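Visitor: I am new to this structure. Please show me how to read its main features.

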Amino acid sequence: MAESVPSRPLRLLLVDDHAVMRAGLANMLNAREEFDVVAEADSGESALTLHQEHCPDVTLLDIAMPGMGGLECLRQLKQQSPDASVLMLSSSELEHDMHHAIDLGADGYITKTAMPPELVASILAVGRGELCISDEVSRRIKSYSATPQLTSREIEVLGLLRKGMSNPDIGLILGIKPRTAKAHVAAILLKLAAQDRAEAVARGFELGLLRP
(Lines give C-alpha, C1' and ligand atoms only; values in the text may rest on other atoms or scores of the structure.)
Protein backbone atom coordinates (compact mmCIF):
# COMPACT_ATOMS: atom_id res chain seq x y z
CA MET A 1 0.00 0.00 0.00
CA ALA A 2 1.94 3.06 -1.20
CA GLU A 3 1.80 6.18 0.90
CA SER A 4 1.49 9.64 -0.65
CA VAL A 5 1.24 12.85 1.33
CA PRO A 6 -2.11 14.56 0.65
CA SER A 7 -2.10 18.19 -0.53
CA ARG A 8 -3.57 19.15 2.84
CA PRO A 9 -3.89 17.22 6.11
CA LEU A 10 -6.74 14.72 6.13
CA ARG A 11 -9.32 15.80 8.70
CA LEU A 12 -10.12 12.86 10.97
CA LEU A 13 -12.96 11.94 13.32
CA LEU A 14 -12.04 9.30 15.91
CA VAL A 15 -14.87 7.20 17.36
CA ASP A 16 -14.01 4.92 20.29
CA ASP A 17 -15.53 4.63 23.75
CA HIS A 18 -12.12 4.06 25.40
CA ALA A 19 -10.66 7.45 26.30
CA VAL A 20 -7.09 6.18 26.65
CA MET A 21 -7.20 4.47 23.26
CA ARG A 22 -8.67 7.60 21.68
CA ALA A 23 -6.08 9.90 23.25
CA GLY A 24 -3.17 7.71 22.21
CA LEU A 25 -4.48 7.46 18.67
CA ALA A 26 -5.08 11.21 18.45
CA ASN A 27 -1.57 11.98 19.71
CA MET A 28 0.02 9.60 17.24
CA LEU A 29 -1.94 10.85 14.25
CA ASN A 30 -1.67 14.56 15.08
CA ALA A 31 2.12 14.16 15.25
CA ARG A 32 2.09 13.45 11.50
CA GLU A 33 1.76 16.15 8.87
CA GLU A 34 -0.73 14.08 6.87
CA PHE A 35 -3.45 14.20 9.54
CA ASP A 36 -5.50 16.59 11.65
CA VAL A 37 -7.82 15.07 14.25
CA VAL A 38 -10.72 17.53 14.22
CA ALA A 39 -13.10 15.70 16.56
CA GLU A 40 -13.38 12.71 18.91
CA ALA A 41 -16.55 10.80 19.80
CA ASP A 42 -17.11 8.27 22.58
CA SER A 43 -20.35 6.85 21.17
CA GLY A 44 -22.17 6.20 17.94
CA GLU A 45 -24.73 8.85 18.76
CA SER A 46 -22.13 11.58 19.25
CA ALA A 47 -20.26 10.41 16.14
CA LEU A 48 -23.30 11.15 13.95
CA THR A 49 -23.60 14.65 15.40
CA LEU A 50 -19.89 15.42 15.15
CA HIS A 51 -19.71 14.11 11.59
CA GLN A 52 -22.40 16.54 10.50
CA GLU A 53 -20.67 19.37 12.36
CA HIS A 54 -17.10 18.77 11.14
CA CYS A 55 -17.50 16.87 7.82
CA PRO A 56 -14.22 14.94 8.27
CA ASP A 57 -12.34 13.40 5.36
CA VAL A 58 -12.08 10.05 7.14
CA THR A 59 -13.85 8.61 10.18
CA LEU A 60 -12.10 5.91 12.22
CA LEU A 61 -14.88 3.85 13.80
CA ASP A 62 -14.79 1.16 16.47
CA ILE A 63 -17.42 -1.61 16.50
CA ALA A 64 -17.90 -2.53 20.16
CA MET A 65 -19.35 0.48 21.98
CA PRO A 66 -22.14 0.81 24.54
CA GLY A 67 -25.44 2.13 23.24
CA MET A 68 -25.28 2.50 19.48
CA GLY A 69 -22.57 0.13 18.28
CA GLY A 70 -20.20 0.83 15.43
CA LEU A 71 -22.10 -1.16 12.81
CA GLU A 72 -25.37 0.65 13.50
CA CYS A 73 -23.48 3.93 13.56
CA LEU A 74 -21.96 3.05 10.18
CA ARG A 75 -25.39 2.25 8.75
CA GLN A 76 -26.87 5.56 9.91
CA LEU A 77 -23.77 7.52 8.93
CA LYS A 78 -23.91 6.19 5.36
CA GLN A 79 -27.60 7.09 5.21
CA GLN A 80 -26.88 10.57 6.58
CA SER A 81 -23.79 11.14 4.41
CA PRO A 82 -23.54 8.53 1.60
CA ASP A 83 -20.07 9.71 0.56
CA ALA A 84 -18.61 9.57 4.07
CA SER A 85 -15.27 7.74 4.15
CA VAL A 86 -15.17 5.29 7.06
CA LEU A 87 -12.31 3.07 8.19
CA MET A 88 -13.31 0.46 10.76
CA LEU A 89 -10.61 0.22 13.43
CA SER A 90 -11.80 -2.52 15.72
CA SER A 91 -10.67 -5.16 18.18
CA SER A 92 -13.26 -7.50 16.64
CA GLU A 93 -11.80 -10.23 14.43
CA LEU A 94 -15.18 -11.92 13.89
CA GLU A 95 -15.84 -12.71 10.25
CA HIS A 96 -19.47 -11.65 10.71
CA ASP A 97 -18.46 -8.16 11.84
CA MET A 98 -15.99 -7.79 8.98
CA HIS A 99 -18.53 -9.01 6.40
CA HIS A 100 -21.32 -6.85 7.82
CA ALA A 101 -19.13 -3.73 7.90
CA ILE A 102 -18.27 -4.09 4.21
CA ASP A 103 -21.95 -4.77 3.41
CA LEU A 104 -22.87 -1.53 5.17
CA GLY A 105 -20.41 0.45 3.07
CA ALA A 106 -17.23 0.65 5.17
CA ASP A 107 -14.32 1.88 3.07
CA GLY A 108 -11.79 -0.15 5.01
CA TYR A 109 -11.37 -2.56 7.92
CA ILE A 110 -8.29 -3.15 10.04
CA THR A 111 -7.90 -4.46 13.57
CA LYS A 112 -6.36 -2.71 16.54
CA THR A 113 -3.46 -5.16 16.38
CA ALA A 114 -2.25 -3.35 13.25
CA MET A 115 1.15 -1.67 13.44
CA PRO A 116 1.26 2.15 13.05
CA PRO A 117 2.62 2.06 9.47
CA GLU A 118 -0.31 -0.14 8.38
CA LEU A 119 -2.80 2.17 10.10
CA VAL A 120 -1.28 5.27 8.50
CA ALA A 121 -1.27 3.66 5.05
CA SER A 122 -4.89 2.52 5.51
CA ILE A 123 -6.10 5.99 6.47
CA LEU A 124 -4.29 7.53 3.49
CA ALA A 125 -5.77 4.93 1.15
CA VAL A 126 -9.32 5.53 2.39
CA GLY A 127 -8.67 9.26 2.12
CA ARG A 128 -7.84 8.71 -1.57
CA GLY A 129 -11.16 6.98 -2.08
CA GLU A 130 -9.80 3.43 -2.13
CA LEU A 131 -11.32 0.38 -0.49
CA CYS A 132 -8.70 -0.69 2.05
CA ILE A 133 -8.97 -4.28 3.24
CA SER A 134 -5.94 -6.19 4.51
CA ASP A 135 -5.15 -9.55 2.91
CA GLU A 136 -6.08 -11.35 6.13
CA VAL A 137 -9.44 -9.57 6.47
CA SER A 138 -10.11 -10.18 2.77
CA ARG A 139 -9.43 -13.90 3.17
CA ARG A 140 -11.72 -14.18 6.17
CA ILE A 141 -14.54 -12.27 4.47
CA LYS A 142 -14.35 -14.56 1.44
CA SER A 143 -14.42 -17.69 3.60
CA TYR A 144 -17.36 -16.42 5.68
CA SER A 145 -19.92 -17.35 3.07
CA ALA A 146 -19.65 -19.78 0.19
CA THR A 147 -22.27 -17.73 -1.66
CA PRO A 148 -21.31 -14.03 -1.78
CA GLN A 149 -23.98 -11.66 -0.52
CA LEU A 150 -24.16 -8.36 -2.40
CA THR A 151 -26.17 -5.44 -1.10
CA SER A 152 -29.01 -4.09 -3.23
CA ARG A 153 -26.84 -1.11 -4.21
CA GLU A 154 -23.95 -3.40 -5.18
CA ILE A 155 -26.31 -5.44 -7.38
CA GLU A 156 -27.36 -2.17 -9.04
CA VAL A 157 -23.70 -1.33 -9.65
CA LEU A 158 -23.01 -4.84 -10.97
CA GLY A 159 -25.84 -4.37 -13.46
CA LEU A 160 -24.21 -1.15 -14.66
CA LEU A 161 -20.82 -2.88 -14.90
CA ARG A 162 -22.53 -5.35 -17.21
CA LYS A 163 -23.30 -2.40 -19.50
CA GLY A 164 -19.67 -1.29 -19.46
CA MET A 165 -20.28 1.81 -17.39
CA SER A 166 -17.31 3.72 -15.93
CA ASN A 167 -17.22 4.90 -12.30
CA PRO A 168 -18.27 8.47 -13.27
CA ASP A 169 -21.13 7.04 -15.37
CA ILE A 170 -22.26 4.85 -12.46
CA GLY A 171 -22.08 7.81 -10.10
CA LEU A 172 -24.15 9.97 -12.45
CA ILE A 173 -26.85 7.32 -12.91
CA LEU A 174 -27.09 6.48 -9.18
CA GLY A 175 -26.62 10.03 -7.89
CA ILE A 176 -23.41 9.29 -6.01
CA LYS A 177 -19.83 10.52 -6.33
CA PRO A 178 -17.39 8.63 -8.60
CA ARG A 179 -15.26 7.72 -5.56
CA THR A 180 -18.31 6.12 -3.94
CA ALA A 181 -19.00 4.21 -7.14
CA LYS A 182 -15.36 3.12 -7.14
CA ALA A 183 -15.71 1.81 -3.58
CA HIS A 184 -18.82 -0.17 -4.55
CA VAL A 185 -16.97 -1.70 -7.50
CA ALA A 186 -14.03 -2.63 -5.27
CA ALA A 187 -16.39 -4.26 -2.77
CA ILE A 188 -18.03 -6.26 -5.57
CA LEU A 189 -14.66 -7.51 -6.84
CA LEU A 190 -13.71 -8.49 -3.29
CA LYS A 191 -16.94 -10.36 -2.54
CA LEU A 192 -17.03 -12.16 -5.89
CA ALA A 193 -13.29 -12.94 -5.77
CA ALA A 194 -13.01 -11.36 -9.23
CA GLN A 195 -9.81 -9.94 -10.72
CA ASP A 196 -11.58 -7.37 -12.88
CA ARG A 197 -14.99 -6.05 -13.90
CA ALA A 198 -15.50 -8.58 -16.68
CA GLU A 199 -14.88 -11.46 -14.30
CA ALA A 200 -17.25 -9.89 -11.76
CA VAL A 201 -20.01 -9.75 -14.37
CA ALA A 202 -19.34 -13.37 -15.34
CA ARG A 203 -19.52 -14.40 -11.67
CA GLY A 204 -22.74 -12.43 -11.37
CA PHE A 205 -24.33 -14.57 -14.07
CA GLU A 206 -22.94 -17.77 -12.55
CA LEU A 207 -24.44 -16.94 -9.14
CA GLY A 208 -27.79 -15.78 -10.53
CA LEU A 209 -27.21 -12.19 -9.46
CA LEU A 210 -27.61 -11.13 -13.10
CA ARG A 211 -30.13 -12.46 -15.58
CA PRO A 212 -29.38 -13.04 -19.31
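**Inside the core**

Guide: Start with one residue. Leu 61 touches Val 15, Gly 70, Cys 73, Leu 74, Val 86, Leu 87, Met 88 and Leu 89, leaving out residues up to four places away in sequence. Keep in mind that this is a predicted model.

Visitor: Which residues have the most contacts inside the largest nonpolar core?

Guide: First the general idea. In soluble globular proteins, nonpolar side chains tend to be buried together. Here the largest nonpolar core has 29 residues. Leu 61, Leu 74, Met 88 and Tyr 109 have the most contacts inside it.

Visitor: Which elements each supply at least two residues of this core?

Guide: Among the strands, look at E1 (10–15), E2 (35–41) and E4 (86–90). Among the helices, look at H2 (44–54), H3 (70–80), H4 (95–103), H6 (135–144) and H9 (178–191). H3 gives the most, with 4 residues.

Visitor: Let us take Tyr 109. Is Tyr 109 buried or exposed?

Guide: Tyr 109 is buried, because its relative accessible area is 0%, and the cut-off for buried is under 20%. Tyr 109 sits in strand E5 (residues 108–111).

Visitor: What is Tyr 109 in contact with, leaving aside its neighbours within four places in sequence?

Guide: The list includes Ile 63, Leu 87, Met 88, Ala 101, Cys 132, Ile 133 and Val 137. Ser 90, Ser 92, Asp 97, Met 98 and Ser 134 are on the list too. The side chain of Tyr 109 reaches the backbone oxygen of Ser 92 at 2.9 Å. Met 98 is 11 residues from Tyr 109 along the chain, and their C-alpha atoms are separated by 7.1 Å.

Visitor: How do I read the gaps?

Guide: Rolling a probe the size of a water molecule over the atoms shows where empty space is left. This structure holds 1 cavity of 30 Å³ or more. The largest cavity has a volume of about 40 Å³.

Visitor: Which residues line the largest cavity?

Guide: Leu 14, Val 15, Asp 16, Met 21, Leu 25, Leu 60, Asp 62, Leu 89 and Lys 112 line it. They divide into 6 nonpolar, no polar and 3 charged.

Visitor: How much space lies in the largest pocket?

Guide: The largest pocket holds about 490 Å³. Its lining has 27 residues, with Lys 78, Pro 82, Leu 104, Gly 105 and His 184 nearest the centre. The lining divides into 10 nonpolar, 8 polar and 9 charged. H9 provides the largest share, 5 residues. The second largest pocket holds about 230 Å³. Of its 13 lining residues, Pro 56, Asp 57, Asp 83, Ala 84 and Lys 177 are the closest to its centre.

**Backbone angles**

Visitor: Where do Cys 55 and Ala 193 lie?

Guide: Cys 55 is in the loop between H2 and strand E3 (58–61). Cys 55 is exposed, with a relative accessible area of 52%. Ala 193 is in the loop between H9 and helix H10 (197–206). Ala 193 is partly exposed, at 40% relative accessible area.

Key: Residues are numbered from 1 along each chain as its sequence is written. This is a predicted model: local features need pLDDT of at least 70, side-chain atom pairs count only at pLDDT 80 or more; totals for chains, interfaces and linings use all residues. Side-chain values use heavy atoms; hydrogens and water are left out. A nonpolar core is a set of buried Ala, Val, Leu, Ile, Met, Phe, Trp, Tyr and Cys residues joined through side-chain atoms within 4.5 Å. Buried means under 20% relative accessible area, exposed over 50%, partly exposed in between (1.4 Å probe, protein chains only). Contact means heavy atoms within 4.5 Å. On a 1 Å grid over the protein atoms alone, a cavity is a set of points where a 1.4 Å probe fits but cannot get out, and a pocket is an open set with protein on both sides within 12 Å along at least five of seven lines; lining residues have an atom within 4 Å of a point. Grid points are joined across faces, edges and corners, and a volume is the space filled by probe spheres set on the points. Ala, Val, Leu, Ile, Met, Phe, Trp, Tyr, Cys and Pro count as nonpolar, Asp, Glu, Lys and Arg as charged, and the others, Gly among them, as polar. A polar contact is a pair of N or O atoms within 3.5 Å; within protein, one must be able to donate a hydrogen and the other to accept it, and residues adjacent in sequence count only if both atoms are side-chain atoms.
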